[in-house]
Amino acid sequence: MNRMKNRSVSLTDLSQNFLEIEPDLTAREAMGEANRCLYCYDAPCITACPTSINIPSFIKKIASGNLKGSAKVIMEANPVGASCARVCPTEELCEGACVLNHASQPIMIGNLQRHATNWAIHNHAQLFKAGEKNGKSAAIIGGGPAGLSAARELARLGFEVTIFEAKEKAGGLDTYGIVSFRLPQRVSMWEVEQVESLGVTIRTNTIVGRDISPDDILESYDAVVLAVGMASVPPIGIQGEGAKGVYDAIEFVESTKIPPMDTHLIGKKVVVIGAGNTAIDAATCSVRLGAADVKMLYRRTEAEMTAYEFEYEFAKQEGVEFRWLTQPVGIVQDEKGAVKGVTCIRMELGAADESGRRRPVPVEGSGFTVEADAVIRAIGQKRYTGLIEAFGLTHKWGTVKVNLDTLQTSNPKVYAAGDVIFGDGQGDAMVVTAAEQGKRAAYSIYKQLVGPGMAQTS
């Protein structure tokens with residue numbers, strides 16, 4: 001069922017379409033759900049959480065009415081815990097590990113996490129304090145989940161911390177790259193404020209390599225955390241890709257986070273190329289911007305798509321159509337150079353490639369055209385290879401190589417966390433994983449520069 005098909009589209013409706021879709025738990029619902037928890041002694045949900053949130057503890061505090069205490073437990077372990085309450089694949093992580101899966105329904109851990117952190121947001125709660133200064137300084141390059149996490153922990157450990165952020169606001173993916181109806185900007189900005197309140201300096205609109213050099217940063221700070229994430233979507237490399245109406249999925253989603261809403265897709269046909277979480281976001285954004293028909297083209301099958309299951313189900317409910325084993329080979333343009341369609345060929349799965357997935361191969365004579373007024377590229381993202389090399393770091397195709405225990409790079413003064421180290425066997429590309437890596441980088445820096453014993457944080 002297409003949730004949007006019966007909705008009349010107007011300028012007012014477009015902004016309404018991007019309001020958060022998941023309803024908040026009421027106080028009574030949260031209390032009832034919290035009291036279902038068994039508060040397991042050796043809780044598998046804690047083990048399943050990459051940041052090891054003490055889930056029974058935060059839920060028990062909700063049950064006792066201590067919402068500030070609950071939020072503090074969450075945010076202590078995960079500096080972007082309010083965002084993760086909305087974007088984590090909880091059915092694969094904490095909720096998937098809940099012992100009640102075998103008896104009834106798992107505890108709604110994500111919704112309870114939202115409930116507690118919502119209280120903290122609405123009440124402007126300041127949960128932590130900066131540590132006593134230790135005379136050391138650290139630079140964080142990138143203000144996304146990994147960078148914020150590293151900055152907060154370093155500030156609590158007594159470091160003078162500066163974040164260098166290229167965009168107008170910090171928060172990275174959480175602020176700009178995840179659709180508003182799943183993660184409103186106000187949530188990620190509260191997490192940014194929590195970090196700033198510890199005395200962390202955030203230099204926005206500052207591009208390392210343009211406004212300040214890597215050498216200057218290395219000379220000015222005792223330690224550096226590289227947390228720049230990923231860059232833009234690369235070209236597909238097909239004929240006609242320069243046509244008017246071809247978009248980068250990252251930039252497309254970001255445009256919906258900054259008002260006013262663009263109305264040019266109302267009633268149009270949109271084709272999204274790719275099948276990851278960003279592709280899903282681009283497709284569902286298109287629906288909510290008033291597109292009449294949205295198709296996702298993927299050269300492999302449903303089994304090989306990289307999007308989370310809950311994202312896939314959501315897209316289907318929104319009326320997005322999926323075309324599997326479909327390879328775009330060109331973009332058809334009208335006489336004015338605008339997108340008119342996408343030429344494609346059908347594929348079939350052959351032998352496995354180096355990733356272990358079966359390689360798609362074209363079916364001879366299977367060409368066809370899909371009508372389209374707009375095309376959105378969502379085939380992954382480029383990496384900041386130039387910046388990585390400017391720091392002199394060892395990498396493999398833009399994936400920075402680190403010591404997996406300490407997250408230290410080939411330069412002992414530089415650590416790395418988040419998407420910049422994702423790939424080639426170095427972790428999963430999740431917000432929660434980036435947050436955990438940021439924390440670990442901070443602890444490694446403290447151990448290297450201050451001492452083996454961990455300082456008391458508050």
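How many bridges join strand β7 to β8? Three, and the two strands run parallel. The legends below describe a predicted model.

**View 1. β7 meets β8 in the predicted model.** Strand β7 covers residues 293–297. Opposite M296 stands F322, which lies in β8. Helix α14, residues 277–288, packs on the sheet. The helix touches β6 (269–273), β7, β8 and β13 (374–377). Its direction makes about 170° with that of β7.

**View 2. An open sheet of five strands with β5 and β8 at its edges.** The order is β5-β13-β6-β7-β8. Pairing is parallel. Edge strand β5 spans 246–248, and edge strand β8 spans 321–323. Each of these two pairs on one side only. From one strand to the next, the twist averages 25°.

**View 3. Another open sheet of five strands, in the order β3-β2-β1-β4-β16.** Here, too, the pairing is parallel. β3 (201–203) and β16 (414–416) stand at the edges. Each has a single partner strand, so one side of each is left without a neighbour in the sheet. Neighbouring strands are turned by 20° against each other on average, direction ignored.

**View 4. β1 pairs with β4, and helix α17 packs on the sheet.** Strand β1 holds residues 137–141, and strand β4 holds residues 223–226. Four bridges link them in the parallel sense. I141 stands opposite L226 of β4. Helix α17, residues 431–449, touches β4 and β16. The direction of α17 makes about 160° with that of β16.

Note on methods:
Residues numbered from 1 in each chain as written. Predicted model: local features only at pLDDT ≥ 70, side-chain atom pairs only at ≥ 80, totals over all residues. Heavy atoms only, no water. Pairing = 2+ DSSP bridges. Axes fitted to C-alpha atoms, helices over the stretch in contact; angles between N-to-C directions. Contact = heavy atoms within 4.5 Å.
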